[in-house]
Amino acid sequence: MTTRGPCEISWFSALCDDDYEFLGVPDARLKSSWAHCRDIVMQAESGGFDNILLPSGYALGIDTTAFAAAIAPMLRRMALLMAVRIGESWPPQLARQIATIDQLLGGRLTINIISSDLPGETLASGPRYARTVEAMRILKTLLNGQPLDHDGEFWKLKVDPARTGMVSGKAPLLYFGGLSPAARDAAAQEADVFLMWPDRQETVAAIIADMTSRAAAYGRTLRFGYRAHVIVRDTEAEARTYADRLLSKLDDAQGAAIRAQSLDSASAGVAAQAALREGAAGDGYAEANLWTGVGRARSGCGAAIVGDPDQVLAKLNMYRDMGIEAFILSGYPHAAEADLFARHVLPNIDHAALAR
């Protein structure tokens, strides 16, 4: 049990072709585009969310960094959580891009580190995460305004920071997720916020305990975040009915194809989401108000908090009591569900952007 402080409540903008009225059924109106994803971000801004995840996928949707630069000057108070794919980046250039977007945003940029491959290449898990640790160290040094003298396995660099720096003069919070041993160790060494996908309460508690111990071994502490979908309606019956409606046109073969096309489809985290789904009850609920049906039509985060406003709030507060300080939520369609959550739940929870 932990004393509750304000938690960060973030939404999700579907830059990677992940927005539907009926899961697994493509809809031209909801296809990732500048206009559609901009509208999701502005809905979250007007609804009072603290931050919004801008996801990144090489093969899907639109470019995250370009989108972040375009949307940043349009926001007045909300932060951006920009996903960056380490395998596609040269760290000093990425640091300059991050600092420039932070300037455009007025100092409210946070970063979601993805331990990706270079498109067309595959690096084994251990080396890939070792490269990501190096990248995080390089980014932190340069974005803290310090000269870099790095002699690593993947980069050998001696360079001063770029003239354009972070508004605060400090590196942004680095959000990072992954369940394999190599991913957990990378997070323990360099991440600031460890992100988890939905799971049963006891599993979430075990992950928090494990990651707390791993970070302590490096003389560090971690903060914890929880990424989930949400369906909130006036009554639990209405929320469950809407969940069923989302799947009402799903072809199982199409759902499997959607899951397989993701670049992380073979990861430990995706395997854990599949196990959660396979172990759920016949109605798809793994535990009270945690519905796994959404994972039938997407890779990655595969479960939703489903219920009336009090039930959804209670579920979030339960996670907060376990030590979760940040939530990244989403729903289908994303703009409409953001509005529902903003009206039904957000006013009743103490929330604010995470402080550095």
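Asp17 sits in the loop between β1 and α1 (34-47), where helices (H or I, at least four residues) and strands (E, at least two) are DSSP runs numbered from the N terminus. The model is a predicted one, with local features needing pLDDT of at least 70 and side-chain atom pairs counted only at pLDDT 80 or more, while totals for chains, interfaces and linings use all residues. Residues are numbered from 1 along each chain as its sequence is written, and side-chain values use heavy atoms, with hydrogens and water left out.

Back to the backbone. Most residues other than glycine have a negative phi, and most peptide bonds are trans. Asp17 has a positive phi, near 55°, and is partly exposed at 29% relative accessibility (buried means under 20% relative accessible area, exposed over 50%, partly exposed in between, with a 1.4 Å probe and protein chains only). Asn289 also has a positive phi, near 65°; this residue lies in the loop between β10 (285-287) and β11 (290-291) and is buried, at 12%. A cis peptide bond, with omega about -15°, links Tyr332 to Pro333, and Pro333 belongs to the loop between β13 (324-330) and α11 (334-344).

Now for the packing. In soluble globular proteins, nonpolar side chains tend to be buried together.

Setting aside neighbours within four places in sequence, Phe49 has contacts (heavy atoms within 4.5 Å) with residues including Ser10, Trp11, Arg77, Met78 and Phe341. Ser10 belongs to strand β1 (residues 8-12) and is buried at 0% relative accessible area. Leaving out residues up to four places away, Ser10 touches Phe49, Asn51, Ile52, Phe327, Ile328 and Leu329.

As for disulfides (cysteine sulfur pairs within 2.5 Å), the count is zero. The sulfur of Cys37 has its nearest cysteine sulfur, that of Cys16, 8.5 Å away.

On a 1 Å grid over the protein atoms alone, a cavity is a set of points where a 1.4 Å probe fits but cannot get out, and a pocket is an open set with protein on both sides within 12 Å along at least five of seven lines; lining residues have an atom within 4 Å of a point. Points are joined across faces, edges and corners, and volume is the space filled by probe spheres set on them.

There is one cavity of 30 Å³ or more. The largest cavity has a volume of about 40 Å³, and its lining includes His229, Ile231, Leu246, Trp291 and Tyr332. Strand β9 (residues 223-232) gives the most to that lining, three residues.

The second largest pocket comes in at about 270 Å³. Of its 17 lining residues, Ser56, Asp63, Thr65, Arg85 and Glu88 lie nearest the centre. Helix α2 (64-71), strand β3 (80-85) and helix α3 (91-105) each supply at least two lining residues.
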